[in-house]
Structure formats: C-alpha cells, structure tokens
Amino acid sequence: MLVGALSVAGAARPAQPQVPVLWDAKERLPKPDLSALPRLRFLTTTDFPPFNFLDGAGKLSGFHIDLARAICAELGIVDKCQIQALPWAELETALQKGEGEAIIAGIAATPESRSTYAFSRSYLQFPARFVVPKNKALVEPVFDKLRGKRVGVVAGSAHERMLRDYFNTVQIVPFDRPEDLYADLKAGKLDAAFGDGMRLAFWLGGSDAAGCCRFAGGPYLAPEYLGSGMAIATRADDPALAAALDYALQEISMKGTFAEFYLRYFPVSFF
C-alpha cells in the first residue's frame, strides 16, 4: 500500500498530527564551550510573520525571535546575545562582513547554499497535508479513499508534482491562486485540497474558512519535493557555531520549550 511504499522509499511518510519533534532523544550532543565567543548576533528580517515581525508597539517579535533568545539561554550567553533585523537582500552580505554570526530567517539548506553557509540541523519542516470538509471522514491509509475524488492543488507547485506521483488515482484540479482553491473547497466543489500544511493551517484557523474544513491524512514529509525545512545559517568557515546551535536546539526541543513556541505561533498544528 501507499504508506508502506512511501516509508520504504524514504519519501512522504504519514504520522499522527502532533508538535513536531525532529531530534532523537537518545542522541546526546556535546555541550559547547562558548566562553571565548565575544558576541552572538542573530540576523533576521521584520516581514515574515509569524516568524519575524514588528508587533503593535514596533518591537521585533515572532517565533524566530523567541527561538534565538532561548538558544542564547541554553548556551549560557544571554549577555552576549543580540538580534538585528535587516532587509532580506542584505542578510548574506552582513554575515560575510562579520556584522552578525548567524542568520535565522528561513534560508534553505540546499547543495548550492551550503557553499556559502554552514547550517544547523533542521528545526522545523513543512509537511504536505490534505484538507477536507468537516463532514467527510478520511483517515490513513487515504490512497484508496481518495480514488476518483476531486482534489485541488496549486498549479505548478511541488505539491502538485507530489500529488501526481504519490496519489495518482485522484482527479487533480489545478488552481492558479490558493484563494480560488480555498473558495471551491469551502463551497463543496472539491472533495479535498492538497498543499503546504502551514499555509493550510493558517487558513483553517482564520475567519475565511469559517470552520468549514479540517486536516485529514498525513502529515507527509518529502524532502525531495518540499526541501529539508528551516535551519540556522552561519558562515561556511564556522561549522563549530552551527554545531553549538544544534546542541541548543536539541535541548530546547527535549525540554518542551520548542513545543511551547510552536503552539504559541501555530495554534492550528500543521503536523
């Protein structure tokens, strides 16, 4: 069946919705000594809510801001910790000039970007999800249950390619705009929608969805389609700092701090 085939292939894999835990509790990373580090300045942006944004008082806020401060606390360097917001286009130059030590702004870890940066391990991934009307029951395995059903997806997206490759018994209905996809799902013109779990979660939790729909099946993690998720970038010649960030990120996850941040900024879980 699909679930077994995808698991064996290491592609998309379904799991029970939950707060994402990307760290192996049995793996204990060494605690770094950063006593000689003069400063840890995180570079980020202001225009990527809920990760980075200016709140009503003009204060830099968001998931990444809380995460950066928690990292500094775990590393015992709160007094050396700084966060600076810059336009996206200036982040790489600022890092290379030594105006910051790390970028926490969603730079994708790809073979190309790894020539410029060293990366922490991924701390958040973005699964694909199905959304269905609330009155429709759909549980794993969903492959046969979706046979012949009308499933909307954004045209030309990685999610469309994934849907065609792994759920090829459905009747695929491509849309140029997500808004049109949501409208047809809400109006009952579709049996399901397939797409980015985080974006779908925000739609489900918003007033536009009006409680019409819910997640079903998944979540599906497929790095070859969807990438490896979010990681923190350091200069390529500073892998030791990236390793130190791994230690802090694992501790934050194991202690439940990451779950607290996740639920604060993503009240409708996309896992």
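In the predicted model, E179 and R177 form a salt bridge (a side-chain nitrogen of Lys or Arg within 4 Å of a carboxyl oxygen of Asp or Glu), with their closest N and O atoms 3.9 Å apart. R177 also meets the side chain of D180 in a salt bridge, at 3.1 Å from N to O. The relative accessible area of R177 is 43%, which makes this residue partly exposed; the term denotes values between those of buried residues (under 20% relative accessible area) and exposed residues (over 50%), computed with a 1.4 Å probe on protein chains only. E179 is likewise partly exposed, at 46% relative accessibility, and D180 is partly exposed at 33%.

The model is a predicted one, in which local features need pLDDT of at least 70 and side-chain atom pairs count only at pLDDT 80 or more, whereas totals for chains, interfaces and linings use all residues. Residues are numbered from 1 along each chain as its sequence is written, and side-chain values use heavy atoms, with hydrogens and water left out.

In total, the structure holds 12 salt bridges. One of them joins D66 to R264, with the closest N and O atoms 2.6 Å apart. Because D66 belongs to helix 2 (residues 63-75) and R264 to helix 9 (residues 257-265), this pair ties together parts that are 198 residues apart in sequence. Helices are DSSP runs of H or I with at least four residues, numbered from the N terminus. Within the pair, D66 is buried at 15% relative accessibility, while R264 is partly exposed, with a relative accessible area of 44%. Elsewhere, a network of salt bridges links E27, R121 and D246.

Two further helical positions were examined. L185 is located in helix 5 (residues 178-186) and is buried, with a relative accessibility of 1%. Leaving aside neighbours within four places in sequence, L185 is in contact (heavy atoms within 4.5 Å) with V131, P133, L190, D191, A192, A193, W203 and C213. The C-alpha atoms of L185 and V132 are 7.6 Å apart in space, although the two residues are 53 residues apart in sequence.

E160 is placed in helix 4 (residues 158-166). This glutamate is buried, its relative accessible area being 11%. When residues up to four places away in sequence are not counted, E160 touches V153, V154, A155 and P174.

How values were computed: Helices (H or I, at least four residues) and strands (E, at least two) are DSSP runs, numbered from the N terminus.
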